[in-house]
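Hi,

Here is the structure I promised to pass on.

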Amino acid sequence: TEFMASDQVEVLDVFDVDEQNYTKGDATAVDKEDLSYDFVCSFDVLEHIPWNKREKFIKESARLSKTGFFIAAPMNDKNNLVSLAEQEANEIFKTINHKDHEWLVEHIEYGIPTNKEIENIFKKNNLYFTSVKSNEITKWFSIQSAFFIKSALSNPDNFLHGRYLSDFYELHRIIDETYNNNFLSMEGQQTGLSYRTIYF
């Protein structure tokens with residue numbers, strides 16, 4: 001809503017959250033009529049869905065959207081370098097916090113998809129698509145590592161129940177702001193392996 005203040009934005013997720021326009025639910029079986037939304041967007045969701053439900057998730061996104069849907073998610077490469085980067089990032093986090101990162105370990109458990117696998121689902125269901133690559137893997141790994149290391153340099157109690165506290169949020173805000181303000185120069189020309197693909 002901060003980016004699209006003139007639009008009605010609804011959020012669906014699996015957590016217990018008390019917020020306006022929020023629904024707790026299953027994105028592979030949404031209790032809404034066909035074409036309920038102009039657009040359906042998911043950001044880093046697909047890789048948290050088990051393999052046997054990923055096609056249902058994509059079909060639901062298509063069913064609900066009048067105009068089209070976005071899926072942004074990490075995509076593995078033929079050499080599994082993206083998965084390896086996630087495993088290494090999780091090891092850094094585990095060294096610092098003495099436990100797995102709750103999101104990365106789910107990526108590792110479920111396996112992140114490949115472009116070919118996802119595009120085959122699109123083609124099978126007669127969905128026309130285009131895509132753009134984002135987040136070169138070295139930049140993604142460096143920024144994630146910086147986040148994790150910063151948490152160690154702070155008070156050890158700053159990581160509680162999956163949430164970073166104030167000083168971490170401030171560093172996170174500064175890094176994100178710098179990245180967003182310099183997006184075109186940092187990501188405009190993808191020359192190396194990308195961490196994430198954005199499909200429409």
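Below are my notes on ring pairs, salt bridges, a surface patch and one methionine.

First, some housekeeping. This is a predicted model, so local features need pLDDT of at least 70 and side-chain atom pairs count only at pLDDT 80 or more, while totals for chains, interfaces and linings use all residues. Residues are numbered from 1 along each chain as its sequence is written, and side-chain values use heavy atoms, with hydrogens and water left out.

Let's start with the aromatics. The whole structure has 10 aromatic pairs, where rings of Phe, Tyr and Trp (its six-membered ring) pair if their centres lie within 6.5 Å; planes under 30 degrees apart are stacked, over 60 edge-to-face, and the rest tilted. One of them is Phe39 with Phe200: the ring centres are 6.4 Å apart and the planes sit at 45 degrees, so this pair is tilted. Phe39 is in strand β3 (residues 37–43) and Phe200 is in the segment after β8 (194–199), so the pair ties together parts 161 residues apart in sequence. Helices (H or I, at least four residues) and strands (E, at least two) are DSSP runs, numbered from the N terminus. Phe39 is partly exposed at 42% relative accessible area, and Phe200 is partly exposed at 35%. For those words, buried is under 20% relative accessible area, exposed is over 50%, and partly exposed is in between (1.4 Å probe, protein chains only).

Phe122 and Phe129 make another tilted pair, as their centres are 5.1 Å apart and their planes are at 45 degrees. Phe122 is buried at 2%, whereas Phe129 is partly exposed at 30%. Ring pairs also join these two with Phe69 and Tyr199 in a cluster.

Next come the salt bridges, of which the structure holds 10; each is a side-chain nitrogen of Lys or Arg within 4 Å of a carboxyl oxygen of Asp or Glu. Asp38 pairs with Lys66, with the closest N and O atoms 3.9 Å apart. Since Asp38 is in strand β3 and Lys66 in strand β4 (residues 65–74), this pair ties together parts 28 residues apart in sequence. Asp38 is partly exposed at 48%, and Lys66 is exposed at 53%.

Arg196 and Asp44 form a salt bridge too, with the closest N and O atoms at 2.8 Å. Here Arg196 is in strand β8 and Asp44 in the loop between β3 and α1 (54–64), so the parts tied together are 152 residues apart in sequence. Arg196 is buried at 14%, while Asp44 is partly exposed at 29%. Asp34, Glu60 and Arg63 are linked in a salt-bridge network.

Which residues does Met186 contact, leaving aside its neighbours within four places in sequence? They are Lys139 and Tyr179, with contact meaning heavy atoms within 4.5 Å. Met186 lies in helix α7 (residues 183–187) and is partly exposed at 25%. Its C-alpha atom is 8.9 Å from that of Glu136, 50 residues away along the chain. Glu136 in turn forms a salt bridge with Lys139, the closest N and O atoms being 3.1 Å apart. Glu136 is buried at 8%, and Lys139 is partly exposed at 25%.
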